[in-house]
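Colleague: Hey, I'm new to this one. Could you walk me through it?
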Amino acid sequence: MTDTGPSSARPAPPGCPAHADAVRLAGLGYQQTPAQLYRALRREHGAVAPVLLDGDVPAWLVLGYAEVTYVTSHDELFARDSRRWNQWENIPPDWPLLPYVGYQPSVLFTEGEEHRRRAGVITEALECVDQFELTRDCHLIADRLIASFAGSGQAELMSGYVHALPAQAVVQMCGMPASGADTQQLVDDLRISLDAAEGDDPVAAYERVGERLRQLVKDKRVGPGPDVTSRMVLHPAGLSDEEIVQDLISVISAAQQPTANWICNTLRLLLTDERFAVNVSGGRLSVGEALNEALWLDTPTQNFIGRWAVRDTQLGGRLIRAGDCLVLGLAAANTDPQIWPDSHVGAENAAHLSFSNGEHRCPYPAPLLADVMARTAVETLLERLPDLVLAVEPEELTWRPSIWMRGLTSLPVRFTPVVQ
Ligand code: HEM
């Protein structure tokens, strides 16, 4: 049984899914100039490229705007439950992508009615977040963070500001204090569990996250407050404590990294691109334009893993087998020459796929809340430190070695010291 997705010039390769011509999805090209690489991949392989993930595990990278839109809007063909993957026998227990792909009983991996129930609770809980209050909270967090380095005239913004602000804002939104050792431990553990560095123990970190959030849910059952966790606890859908814990982990981690990298990539654009350089400080319009342009050109979630084919089908002229894994090439789709034939990529509309699309897309109103956090972070920084400039040459900035998240390893800046 086959269905036909959006067309592509290339026929299905024989012998699929052996992926004889597969491209290894790793290497420096993805970190420094991925746009060129995606263009080359598209030229070479069409809109759906056979790729090899870590350990040479085969998958498909969906590069076309039309194809990503098709995949994400056809859940009956391309679904989220990774247990249907036909490669599990080739996956070692320490496979680095396991934290993203290994099935968890969270909203991320649910399908159909169960997904609507879980995602519905998250949407309604997030809808109650007052955007004015969130702006005020982000201002306060920003001020506190800036005060810690303003006197020195220099800072490394990734650790001192960019990651810290959305992390603190999100845990506060979920009903924990924004700062304090306990919150910091949770934020550190989330980072370790998803993005472990040398010497970290991601499994132990993930267990500590679970324990902390289990305690939070228990506390909110006894004494609910005006926060996301309490609204999930009180929701008539009647989620169990364990379901809420799983979905809180999804909400907090889905919010923190992408929002931080959105702030990073916007600041980089503002500080390196002369179109913005003339009038960034307090320039509301310019900041808005930079935020949108960053989503088009340097989207935080470059590639998202993924979807799993429910049955044999066709996509972009490729034969996709039941259980094949598809990586959503969100960055490639945003810069697809089919939608930007004259190679101009427009910041003037919001039709990018940075928040994905379809049933499992980043749930409304999360993109609005992310916008509040990112906008407040950027504007507050530029208001407080109006002569902020890069402390290195733009070409010295390096991207993180990740094909999934696009963000800088560090963002060193200098400015006139502020006497408190
Ligand atoms: C307040 C901030 C945010 C929250 C609370 C949030 C929450 C979530 C949640 C709960 C999901 C899982 C949806 C599901 O499987 O049904 C999700 C998915 C996603 N989010 Fe967000 N998110 C936030 C910010 C962002 C940002 C800034 C970006 C990128 C610019 C982003 C991009 C995505 C993408 C690409 C997905 C995957 C959707 C898919 O499977 O197709 N999110 N988000």
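Predicted model: local features only at pLDDT ≥ 70, side-chain atom pairs only at ≥ 80, totals over all residues.

Colleague: OK, what about helix 8 and helix 12, how do they pack?

Modeller: Helix 8 (residues 164-173) and helix 12 have their axes 8 Å apart, and the angle is about 155 degrees. That angle therefore makes helix 8 roughly antiparallel to helix 12.

Colleague: And who touches whom in that contact?

Modeller: Helix 8 brings Pro166, Ala167, Val170 and Val171, while helix 12 brings Ile252, Ala255, Gln256, Thr259 and Ala260. By class, this contact of helix 8 with helix 12 counts seven nonpolar residues, two polar and no charged. The crossing of helix 8 and helix 12 is right-handed.

Colleague: Let's stay with helix 12 for a bit. How do the axes of helix 10 and helix 12 sit?

Modeller: The axes of helix 10 (residues 202-222) and helix 12 come within 9 Å, crossing at roughly 120 degrees. Helix 10 and helix 12 are therefore oblique to each other. Their crossing is right-handed.

Colleague: What does the contact of helix 10 with helix 12 look like by class?

Modeller: There are seven nonpolar residues, one polar and two charged. If you want to find them in the model, look in helix 10 for Val209, Gly210, Leu213, Arg214 and Val217. They meet Asp241, Ile244, Val245, Leu248 and Ile249 in helix 12.

Colleague: Got it. Changing topic: how many residues surround the ligand?

Modeller: The ligand is surrounded by 28 residues, and the closest are Ala254, Ala255, Pro258, Ser356 and Cys362. Helix 5 (112-127), helix 12 (241-272) and helix 16 (366-384) are the elements that give two or more residues to that shell.

Colleague: Which helix gives the most to the shell?

Modeller: Helix 12 does, with seven residues.

Colleague: Nice. How does the shell around the ligand divide up, nonpolar, polar and charged?

Modeller: Into 19 nonpolar residues, eight polar and one charged.

Colleague: Now the backbone. Where are the cis peptide bonds you can show me?

Modeller: One joins isoleucine 305 and glycine 306, with omega about -5 degrees. Glycine 306 has its place in strand 6 (residues 304-309). Another cis peptide bond joins tyrosine 364 and proline 365, and there omega is about 5 degrees. Proline 365 is found in a loop, the one between helix 15 (330-334) and helix 16.

Colleague: Why point those out?

Modeller: Because most peptide bonds are trans, and most residues other than glycine have a negative phi. On the phi side, aspartate 56 has a positive value of about 60 degrees although it is not a glycine.

Colleague: Where does aspartate 56 lie?

Modeller: In the loop between strand 2 (48-53) and strand 3 (57-62).

Colleague: Last thing, the whole chain. How many helices and strands does the protein chain have?

Modeller: The protein chain has 16 helices and 11 strands. Its C-alpha atoms fill a box of roughly 70 × 55 × 40 Å along the principal axes.

Colleague: And what about the radius of gyration?

Modeller: The protein chain has 21 Å, which agrees with the value near 22 Å that a compact globule would have with 420 residues.

Key:
Residues numbered from 1 in each chain as written. Near = placed C-beta within 6 Å. Helix = DSSP H or I, 4+ residues; strand = E, 2+ residues; numbered from the N terminus. Nonpolar A, V, L, I, M, F, W, Y, C, P; charged D, E, K, R; others polar. Axes fitted to C-alpha atoms, helices over the stretch in contact; angles between N-to-C directions. Parallel < 35°, antiparallel > 145°, perpendicular 65-115°, else oblique. Left-handed = near helix turned anticlockwise from the far one by under 90°. Contact = placed C-beta atoms within 7 Å. Rg over C-alpha atoms; globule rule 2.2 N^0.38 Å.
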